[in-house]
Amino acid sequence: MSGLSRWAGLGALAIFLAALPQALPNNYYVDVAVLACFNAIICVGLNLLIGYAGQISLGHAGFFGLGAYASAVLVNSYGWPPLLALLAGAAIVGLMAFAIARPVLKLKGHYLAMATLGIGIIISIVINTEAGITGGPDGIAAGPFSIGSFKLAGERDWYWLMAGLLLATVWLATNLVDSPVGRALRALHGSEVGAEVVGVDTARYKVMVFVVSAVIASVAGSLFAHYTPQLTPTKADFFKSIELVTMVVFGGMASTFGAIVGAAFLTMLPQVLTVFEDYEPVILGGIMMGTMIFMPKGLVPTIAALFNRRRP
Amino acid sequence: MTLLRVEHLNKEFGGVHAVSDLAFTINPGTIHSIIGPNGAGKTTLFNLITGVYTPSSGSILFNDVPTAGKAPYQLAEDGMSRTFQNLQIFFNMPAIENVMVGRHLHLDRRFLPSLLRLPGIAKGDAQAREKSTELMRFVGLEAYLKADADAMPYGALKRLEIARALAAEPKLLLLDEPAAGLNATESREIDEVIVKVAKSGVTVVLVEHDMKMVMGISDHILVLDYGKKLAEGTPDQVRNNPDVIKAYLGGGAA
């Protein structure tokens with residue numbers, strides 16, 4: 001992406017996010033928009049790993065959950081200030097991701113998928129069974145998010161916070177993708193040995209992007225713990241991981257704005273199709289299959305390619 | 001003074017001796033060709049030199065420093081770069097960015113400045129783009145400056161790999177069959193590029209089947225057969241060596 005189109009994209013997103021609340025008739029819609037922002041932030045991070053660096057993770061809901069529970073437990077049970085708990089959660093998740101990344105990212109394809117799947121499931125089981133700390137299946141409440149005497153109240157406050165964070169995340173992600181670091185990530189996706197022989201330490205970059213995407217998920221999780229009235233283990237389970245990957249794949253791999261579109265679309269979908277609630281996994285599976293068959297590059301890159309063909 | 005010294009080098013795959021007890025040296029500033037029939041161990045040798053494979057035994061010294069235990073990216077830091085017989089292009093990237101990846105070692109690649117796109121990063125990127133454009137012109141790819149790598153023909157991709165390798169500013173450039181799959185005109189153009197590279201002070205080692213190219217531009221030729229050194233010397237010495245003729249044309253021809 002050239003410098004100009006990056007600013008154009010960021011500007012368009014800023015205007016859209018600023019104008020959106022006017023179009024939302026009540027707090028129910030604002031709530032959906034906030035949830036879409038949460039998912040979009042995680043997906044922009046996950047897309048760095050999956051879309052740009054070409055490494056799959058089927059366990060990212062685990063990192064989201066760890067961040068969320070770190071915040072909930074530290075604030076609720078130990079009385080930590082929410083911001084400190086958020087940073088502690090991010091540090092824990094970052095260290096954990098760092099520790100597991102090197103052995104796990106030596107694996108490729110199905111094996112990497114299985115390993116990350118296992119990590120996600122382990123985290124989910126621990127959250128479910130350590131009821132003394134986490135509240136088990138009943139969940140735990142983190143209370144409102146506050147910094148000093150300032151307290152975040154109501155959906156609209158949350159919307160502005162999350163929209164601002166989404167914008168910041170997109171800015172940082174596009175910066176990274178366009179830098180020598182980002183080129184190294186994309187290069188190791190294209191050919192690991194090809195990247196190595198011009199000096200790219202592929203193992204180091206894979207670990208780095210894994211940690212970055214995990215920390216982004218953790219920070220989103222920490223905030224989500226305060227946003228949701230009751231944090232339950234379903235937010236950290238396997239199904240949530242699949243949902244996140246589907247958002248990235250559907251929106252468009254290696255497209256930051258695709259990840260946002262994918263997250264927004266798949267957050268809204270269950271709201272629109274409430275009648276089909278029990279069939280949500282089936283619909284998600286259908287979308288995944290349809291994407292792979294009909295537009296393997298994902299929605300946004302496919303549409304962009306169509307436009308470029310019409311206007312040569 | 002030698003740039004590369006290979007001593008008693010062995011590589012076995014199961015029971016197969018792909019390279020056995022090989023020794024040779026490469027002097028700086030020369031074009032050095034490695035030839036031999038298919039399966040002679042040429043590409044295996046390249047993979048051993050560049051750290052993609054680990055030798056079963058023996059040693060390789062680059063600038064008098066053993067390369068043992070170093071990963072390919074570390075050898076690239078020491079000044080080694082290569083191309084591949086089976087292309088290792090980044091097909092997910094535009095052509096110019098393929099070459100820009102070659103500038104990796106010469107750019108600021110710290111995480112935080114990249115994340116915040118500090119002015120130094122943007123400036124370094126602009127310079128890398130300029131340098132890469134220059135290199136694409138140098139290898140004859142000016143028509144593909146705006147192309148995506150996955151939209152380029154085979155011959156152009158071969159050159160793109162050379163441009164990427166050159167972008168790293170190596171002391172030693174290893175080219176694995178740079179002329180494979182190219183027509184006669186394209187091969188002569190690659191000839192010129194290789195000679196120009198060597199003249200600029202880069203030592204070139206190439207594996208090649210195009211004998212016209214090998215005999216025309218090499219200062220020194222190493223002939224391999226079944227992983228062993230069959231002959232070594234100037235193009236004329238090798239051309240007239242009875243063992244070489246036998247290996248290439250069969251026993252009856254000599």
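## Helix packing in chain A

Helix 2 of chain A and helix 7 of chain A are roughly parallel to each other, a term that covers angles under 35 degrees, whereas over 145 counts as roughly antiparallel, 65 to 115 as roughly perpendicular and the rest as oblique. The model is a predicted one, in which local features need pLDDT of at least 70 and side-chain atom pairs count only at pLDDT 80 or more, while totals for chains, interfaces and linings use all residues. Residues are numbered from 1 along each chain as its sequence is written, and chains are lettered from A and ligands numbered from 1 in the order in which they are written. Helix 2 (residues 27–52) of chain A packs on helix 7 of chain A at an angle of about 15 degrees, with the axes 9 Å apart. Axes are lines fitted to C-alpha atoms, for helices over the stretch in contact, and angles run from 0 to 180 degrees between N-to-C directions. The crossing of helix 2 of chain A with helix 7 of chain A is left-handed (the near helix is turned anticlockwise from the far one by less than a right angle; clockwise gives right-handed). The contact of these helices has 20 nonpolar, 2 polar and 3 charged residues. In this classification Ala, Val, Leu, Ile, Met, Phe, Trp, Tyr, Cys and Pro count as nonpolar, Asp, Glu, Lys and Arg as charged, and the others, Gly among them, as polar.

A second pair consists of helix 3 (residues 60–76) and helix 4 (residues 82–104) of chain A, which pack at an angle of about 140 degrees with their axes 8 Å apart. Helix 3 of chain A is therefore oblique to helix 4 of chain A, and their crossing is right-handed. Among the contributors to the contact are A:Phe63, A:Leu66 and A:Ala70 of helix 3, and A:Leu86, A:Ile92 and A:Val93 of helix 4. Residues are in contact if their C-beta atoms, placed from the backbone, lie within 7 Å. By class, this helix pair brings together 13 nonpolar, 3 polar and no charged residues.

## Overall form of the chains

Chain A contains 14 helices and 2 strands; helices (H or I, at least four residues) and strands (E, at least two) are DSSP runs, numbered from the N terminus. The C-alpha trace of chain A spans about 55 × 45 × 40 Å along its principal axes.

Chain B has 10 helices and 10 strands. Its radius of gyration is 19 Å, close to the 18 Å that the rule gives for 254 residues, so chain B is as compact as a globular protein of that length. Along its principal axes, the C-alpha trace of chain B spans about 65 × 40 × 35 Å.

## The mixed sheet of chain B

In chain B, 6 strands form an open sheet in the order 6-7-8-3-9-10, with mixed pairing; two strands pair if DSSP finds at least two bridges between them. Strand 6 (80–82) and strand 10 (228–233) are the edge strands, each pairing on one side only. From one strand to the next, the twist averages 20 degrees.

Strand 7 (residues 172–176) and strand 8 (residues 203–207) of chain B are parallel and share 5 bridges; B:Leu175 stands opposite B:Leu206 of strand 8. Helix 7 (residues 184–199) of chain B packs on the sheet, touching strand 3 (31–35), strand 7 and strand 8, and its direction makes about 150 degrees with that of strand 8. Strand 9 (residues 220–225) and strand 10 of chain B run antiparallel, joined by 5 bridges. In their hairpin, with 2 residues between the strands, B:Tyr226 takes a positive phi near 50 degrees.

## The antiparallel sheet of chain B

Another open sheet of chain B has 4 strands in the order 2-1-4-5, with antiparallel pairing. Its edge strands are strand 2 and strand 5 (65–66). Strand 1 (residues 4–13) is joined to strand 2 (residues 16–26) by 7 bridges, and B:Gly14 in their hairpin takes a positive phi near 60 degrees. Helix 1 (residues 42–49) of chain B lies across strand 1, strand 2 and strand 4, at about 65 degrees to strand 2.

## Contact between the chains

In the interface, 24 residues of chain A are in contact with 33 residues of chain B. Helix 8 of chain A gives the largest share of the chain A side, 8 residues. That side divides into 13 nonpolar, 7 polar and 4 charged residues.

Conventions
Two residues are in contact if their C-beta atoms, placed from the backbone, lie within 7 Å. The radius of gyration is taken over C-alpha atoms; the globule rule is 2.2 Å times the number of residues to the power 0.38.
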